[in-house]
Amino acid sequence: MGILTDILTERRGHLGLITLNRPAALNALTTQICREMLHALLAWREDPQVHHVAITGAGERGLCAGGDIVAIYRDILNRDGSTEEFWRIEYQLNVLIDEYPKPFVALMDGIVLGGGIGVSAHGSHRIVTETSRCGMPEVEIGFFPDVGGTHLLAQGDKAAGRLAALTGLKFQAADTIALGLADTYVPQENLAQLLTELEAAEVEEVIARYKSEPEPGMLDGQWVEAFAEPSIPGILAALNASDQSQSQIAAKALRAACPSSVRLVDQLLSSAGDDLREDLRREFRAAVNRLDDPDFAEGIRAAVIDKDRNPQWREQVGDLTSAQRTARHFAPLPGAELNFALLEQGIREKSGK
């Protein structure tokens, strides 16, 4: 059993099980949680008794609502470096999950947002249920889909990925699978038994016993192609011309999103490729530089500090044009760029080199 109460790590037969254990905070991630999870995964990857690992969340509300944005708000005000440290460890954890040599089963039940996507959607076997509400809603708080979010959403259907990233909408099971963030639907009532069977049986045979078909989603209409338009005004015009109800939901979300975040997300999506490490380096640079943009603090303030849900976005910052404001997110971080030292150190320690 792990030493931290906020995360439980245990071996059950051939299963290494991680339980995010902050149900009152919807299992929001902290630096210590990410560090403990990273250490457990590094240990289990070399343990011949552990055939596969799984992650789940304590409580009834969901796997994980993301990072602790109140802590990020405090750091924006005080600039003690804690957020940069959190992202540095969290992003290395995302890579470890993506590159993990053993099956990594993510139970994406209930709410799975932001950083919750980062600790699940990079896994090899991603399971959603009828209660799943998954997404990358960062544009609502003046940020952008990080933790490899722009990488993930750029891998599949471009229009659908852009829709998810630019609107911050939350999706049910079928749409989460369509976006490439999950693979399999399993009814919630079967999850406990699925975990029990993973203690002795192999992943593929267990999942095959319980997988089913989800209810149809909202991403199967022609209206999604509006997000193939090259410009944001073009997207809105195409959505407004559609007579499908989903298009109006998306248009409302896009209009409410932080404009400077939307421009930044579009740039990150267009730059994303097949290399997660490289895309995370780009996201890390953008994230650290975003701490200096007033829209980020304002978005968090409106959402969780004052909770007035009325952010006052800044369309103009100094003498910068919109393009210059976006471009400065990609400015180098001398001596502070993202590296993957914890992963390489852990691999060397476990191999005895």
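In what order do the strands of the open sheet stand? The order is β1-β2-β3-β4-β6-β8, and the pairing of these 6 strands is mixed. The model is predicted: local features need pLDDT of at least 70, side-chain atom pairs count only at pLDDT 80 or more, and totals for chains, interfaces and linings use all residues. Residues are numbered from 1 along each chain as its sequence is written, and side-chain values use heavy atoms, with hydrogens and water left out.

**View 1**
Strands (E, at least two residues) and helices (H or I, at least four) are DSSP runs numbered from the N terminus. Two strands pair if DSSP finds at least two bridges between them. β1 and β8 (184-185) stand at the edges with a single partner strand each, so one side of each has no neighbour in the sheet.

**View 2**
Strand β1 (residues 7-12) runs antiparallel to β2, and 6 bridges join the two. I7 has L20 of β2 as its bridge partner, and L8 stands opposite T19.

**View 1. Strand β2 and its two faces.**
Buried means under 20% relative accessible area, exposed means over 50%, and partly exposed lies in between (1.4 Å probe, protein chains only). In β2 (residues 15-20), 6 of the 6 residues are buried, so the strand is largely enclosed by the rest of the structure. In a regular strand the side chains alternate between the two faces of the sheet. L15, L17 and T19 point one way from β2, while G16, I18 and L20 point the other way.

Strand β3 (residues 52-57) runs parallel to β2, with 6 bridges joining them. L15 has H52 as its bridge partner in β3, and T19 stands opposite T56. A further 3 bridges join β3 to strand β4 (residues 104-108), again in parallel. There A54 stands opposite V105. Both faces of β3 are covered, with H52, A54 and T56 buried on one side and V53, I55 and G57 buried on the other.

**View 2. The β-α-β unit and residue E36.**
β2, helix α1 (residues 31-45) and β3 make a right-handed β-α-β unit. Right-handed means that, with the strands pointing away from the viewer, the path from the first strand over the helix to the second runs clockwise. E36 is found in α1 and is buried, with a relative accessible area of 16%. The C-alpha atoms of E36 and I55 are separated by 13 Å, and the two residues are 19 apart along the chain.

**View 3. Two loop residues with positive phi.**
Most residues other than glycine have a negative phi. N27 is not a glycine, yet its phi is positive at about 55°. N27 lies in the loop between β2 and α1 and is buried, with a relative accessible area of 1%. R309 also has a positive phi, near 55°. The place of R309 is in the loop between α14 and α15 (322-327), and at 64% relative accessibility R309 counts as exposed.

The expected span of a helix is 1.5 Å times one less than its number of residues. Because 12 of the 17 residues of α3 are buried, the helix is largely enclosed by the rest of the structure. Among them are F86, W87, E90 and Y91. The 13 residues of α12 (residues 259-271) should span 18 Å, and the end C-alpha atoms are 19 Å apart, in agreement. Buried residues of α12 include S260, D266 and L269.

**View 4. The largest pocket.**
A pocket is, on a 1 Å grid over the protein atoms alone, an open set of points where a 1.4 Å probe fits, with protein on both sides within 12 Å along at least five of seven lines; lining residues have an atom within 4 Å of a point. The largest pocket holds about 1100 Å³ of space. Of its 43 lining residues, I69, P137, E140, I141 and V304 are the closest to the centre. Helix α14 gives the most to the lining, with 5 residues.

Note on methods:
Points joined across faces, edges and corners; volume = space filled by probe spheres on them.
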